[in-house]
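Hi everyone, thanks for coming. I'd like to walk you through a structure that may be new to you, so please have a look at it with me.

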Amino acid sequence: MSDHTSTTTHGTPAGPQPEPLRFFGTTWVGHDGGYGLRRAGVAVGSLACAVAGAFVLRFAHQGLAIADIGGFVNTLLVVMFAVCTTIAFSRTWQGFTRRPADPAREDALRSLKAIGFIGSLLAYFLRSLVEAPGEKLLRTEYETARAQYDKRRSTRAGSPAARKKPRKR
């Protein structure tokens, strides 16, 4: 096939391609290929993992209570997990609708988000009730890229060699 056709040599359409989502691949584009079941699976899985994580944290807290480390440290531990969970939830939720302005800052918050993993899992659960987590962001980017590509393709007027050159005076 030549480079000027609407498909590449591998049979994929020319132009921008949709970015795959974790657990969904590119099924989010047309809501096909088991998209609904995948969304339900992500919702159930993330909620189950959040509940399991809460039990693990509860057992860890009980272990510290048995060790009798003191009320101040217990309170500090609970507050730390609550703050980390809140930050992880808000950062994960924001990541579904827009790209991070400062990727280095997001990398610096990775450990904090790992501590507050329950918040991230709850954000995945709530978002998967509406759409595939991150679908809105990728759909907006894909549609914008597709529109720009179509506009560039439609403004071309054929072979540049066939165009008339302006006369010199």
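This is a predicted model: local features need pLDDT of at least 70, side-chain atom pairs count only at pLDDT 80 or more; totals for chains, interfaces and linings use all residues.

Let's start with the helices. Two packed helices are described by the angle between their axes and the distance between the axes. Here, helix H1 covers residues 35-66, and its axis comes within 8 Å of the axis of H5, with a crossing angle of roughly 155°. Angles over 145 degrees count as roughly antiparallel, so that is the word for H1 and H5. The crossing of H1 past H5 is left-handed.

Which residues of H1 and H5 meet? On the H1 side, they include Val 42, Ala 43, Leu 47, Ala 50 and Leu 57. Among their partners on H5 are Phe 117, Ile 118, Leu 121, Leu 122 and Phe 125. Sorted by class, this contact has 13 nonpolar, three polar and one charged residues.

Staying with H5, which spans residues 117-128, let's find Arg 127. Is Arg 127 buried or exposed? Arg 127 has a relative accessible area of 9%, so it counts as buried. Beyond its neighbours within four places in sequence, Arg 127 is in contact with Trp 93, Phe 96, Thr 97, Pro 133 and Lys 136.

Finally, the core. The largest nonpolar core has seven residues: Leu 21, Phe 24, Trp 28, Tyr 35, Val 42, Ala 132 and Leu 138. Not counting residues up to four places away in sequence, Trp 28 touches several residues, including Leu 21, Tyr 35, Leu 138 and Tyr 142.

Definitions and conventions: Residues are numbered from 1 along each chain as its sequence is written. Side-chain values use heavy atoms; hydrogens and water are left out. Helices (H or I, at least four residues) and strands (E, at least two) are DSSP runs, numbered from the N terminus. Buried means under 20% relative accessible area, exposed over 50%, partly exposed in between (1.4 Å probe, protein chains only). Contact means heavy atoms within 4.5 Å. A nonpolar core is a set of buried Ala, Val, Leu, Ile, Met, Phe, Trp, Tyr and Cys residues joined through side-chain atoms within 4.5 Å. Axes are lines fitted to C-alpha atoms, for helices over the stretch in contact, and angles run from 0 to 180 degrees between N-to-C directions. Angles under 35 degrees count as roughly parallel, over 145 as roughly antiparallel, 65 to 115 as roughly perpendicular and the rest as oblique. A crossing is left-handed if the near helix is turned anticlockwise from the far one by less than a right angle, and right-handed if clockwise. Ala, Val, Leu, Ile, Met, Phe, Trp, Tyr, Cys and Pro count as nonpolar, Asp, Glu, Lys and Arg as charged, and the others, Gly among them, as polar.
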